[in-house]
Amino acid sequence: MNRREMLKIGSAGSLAVALPAIAIATTEPQPAHAAVPLWEVFELTLNGPSTGNPFADVQFAATFSLGHRTVAVDGFYDGAGAYKLRFMPDTPGEWGYTTTSNAADLTGRTGRFTCIAALAGAHGPVQPRNTHHFAYADGTPFFPFGTTCYAWVHQSEDLQQQTLQSLRSAPFNKIRMCVFPKHYEYNHNEPPLYPFERNAAGQHDFTRPNPAYFAHIEQRIADLRVLGIEADLILFHPYDRWGYATMPSEADDRYLRYVLARMSAYRNIWWSLANEFDLMKAKSVQDFDRFFKIVEQHDPANHLRSVHYSRVMYDYSHPWVTHGCLQTANFDAAAGWLAAWRKPIMFDEVQYEGNLNRRWGNLSGEEMARRFWLGVIAGCYVTHGETYLDPDQPLDENTTPTIWWSHGGKLRGTSPDRIAFLRKLVEDTAATAGKDARRTGFEAQPTAYYLNASTVDATGTGTQQILYFMDFHQPIYYEFPLPAGKFTAELIDPWEMKISALSGTFEGTTKLKLSGRPFSAVRFRRV
């Protein structure tokens, strides 16, 4: 039995205690459910109590079963007397379910549905693979090339649609985005919706989530799923004027359970417990430890879990953390972190390409592209961000211009095309290794004279490709120490996005004449 199945069975046991069934037998016939493709969303809606506070007063869950396997799933109240269960089947076959509740109308309901083959292009949720890398549930390698749009789902509908249009042609397959709205420099607008009910004075009732707010985010997650983009969903952050960063612990926990019940069934979810968790002064490290455990226990799909920091790094060695989520450009330290944590590492914030007055927001496109290369050569992955101000608009932090890093809209920078070029180079390694390769992804060579990383062949042993990145060095030639075997060689210009193949094959110590320009690359591929 693997860890995921043990977790699900354990969760089922805990929920059986938390949600005692009312012993009232149902005589209603089992509903007829349409077949559900593998890794898509099965949804059950039942009518139940609408008086009092159903969010707090009514407990609702179900056990899904396939053969001898059981999976516990929390339900949620969706307003207007509607209660829902969502479940992402991860195995084909005939699944059954039985509901449990403290409300007579909701308990003891049973039904069945058939999970059929996955839709074309659907590969399941992303999980760690090969220690330092990622793959979808069906084994297809996933190489994250992400971007950042913290508050894009809290802008106007027109702007959100423009963001989705930009993403259709962008190279990004992951996006960092917040559940809560954001208050920060250049972020002063009110969101169209609020996550909790509010009275006339603007005071929130943290016991009453606003279903429309969360349904809107779910629609955007579904939109991203169509585009093949993973939603790296940030659950908490410190940039707040509404009180969400300082909710009491019981409100935090209740909010997490509600989000997990609503969204865990979407296959393209990653959980980021917070952006800059160490700046949330009302929360302790122990609070975030507790949050991780809640997410781990109440996410039946076992999606990826991490947390982002500002200055004080979280302990990514904890077993409930699936990967590192770093705010730094210290790629030289990557080898030590990879060895210590034995997990994939996302350099999720390496500053942003743009022209802001702040140092974190005015990298050149060349430098952003360079940092992606450094991350790949270090055996890690990097996330993009863009912070361009229109010089003809007011240059004032107290305004709210449209900036990709927070609001989305249109990409203006020069790095995305170069990132697309690098992504193709990386993805080509998996295509070369073949579908049944035991390992995929670049592994750094930390003692090399010039920065380089290599991949292995389908057996997981022989070197398949070697990618050198000269960074700011500009040698006119170099003698490359190749492993045993014959290789082809190509000179790569990362900025001009050109690959020049050299004639012949090479073996042993190979002397090549180079461009003599900085930031060049060389690729060797086994014949």
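Which residues does P181 touch, not counting residues up to four places away in sequence? In this predicted model, where local features need pLDDT of at least 70 and side-chain atom pairs count only at pLDDT 80 or more, while totals for chains, interfaces and linings use all residues, P181 touches H154, P191, Y213, H237, Y239, W242 and Y244, contact meaning heavy atoms within 4.5 Å. Residues are numbered from 1 along each chain as its sequence is written, and side-chain values use heavy atoms, with hydrogens and water left out.

P181 is found in the loop between β13 (174-178) and β14 (196-198), where helices (H or I, at least four residues) and strands (E, at least two) are DSSP runs numbered from the N terminus. With a relative accessibility of 2%, P181 counts as buried, a class that means under 20% relative accessible area, as against exposed for over 50% and partly exposed in between (1.4 Å probe, protein chains only). P181 and Y244 are separated by 63 residues in sequence, and their C-alpha atoms lie 9.1 Å apart in space.

Strand β13 belongs to an open sheet of 5 strands with the order β12-β13-β16-β17-β18 and parallel pairing, two strands being paired if DSSP finds at least two bridges between them. The edge strands of this sheet, each pairing on one side only, are β12 (146-148) and β18 (304-306). Neighbouring strands are turned against each other by 25° on average, direction ignored. Within the sheet, β13 is joined by 5 bridges to the parallel strand β16 (residues 230-234), and C178 has I234 of β16 as its bridge partner. Helix α4 (residues 211-226) packs on the sheet, where it touches β13, β16 and β17 (269-272), and its direction makes about 150° with that of β16; axes are lines fitted to C-alpha atoms, for helices over the stretch in contact, and angles run from 0 to 180 degrees between N-to-C directions.

Helix α5 (residues 249-263) packs with helix α6 (residues 285-298) at an angle of about 30°, their axes being 10 Å apart. The two helices α5 and α6 are therefore roughly parallel to each other, given that angles under 35 degrees count as roughly parallel, over 145 as roughly antiparallel, 65 to 115 as roughly perpendicular and the rest as oblique. On the α5 side the contact is made by S249, D252, D253, L256, R257 and L260, and on the α6 side by R290, F291, I294, V295 and H298.

Antiparallel pairing is found elsewhere, as between strand β3 (residues 60-66) and β4, which are joined by 6 bridges. F64 has V71 of β4 as its bridge partner. The two strands β3 and β4 form a hairpin with 2 residues between them, and G67 in the turn has a positive phi of about 65°. Strand β4 (residues 69-74) has 5 of its 6 residues buried, so it is largely enclosed by the rest of the structure.

A further open sheet, of 3 strands, has the order β9-β10-β11 with antiparallel pairing, and its edge strands are β9 (126-129) and β11 (141-142), each pairing on one side only. N130, in the loop between β9 and β10, has a positive phi of about 55° although it is not a glycine, and N130 is buried, with a relative accessible area of 19%. F519 is likewise not a glycine and has a positive phi of about 65°; F519 is placed in the loop between β30 (509-513) and β31 (521-526) and is partly exposed, with a relative accessible area of 36%.
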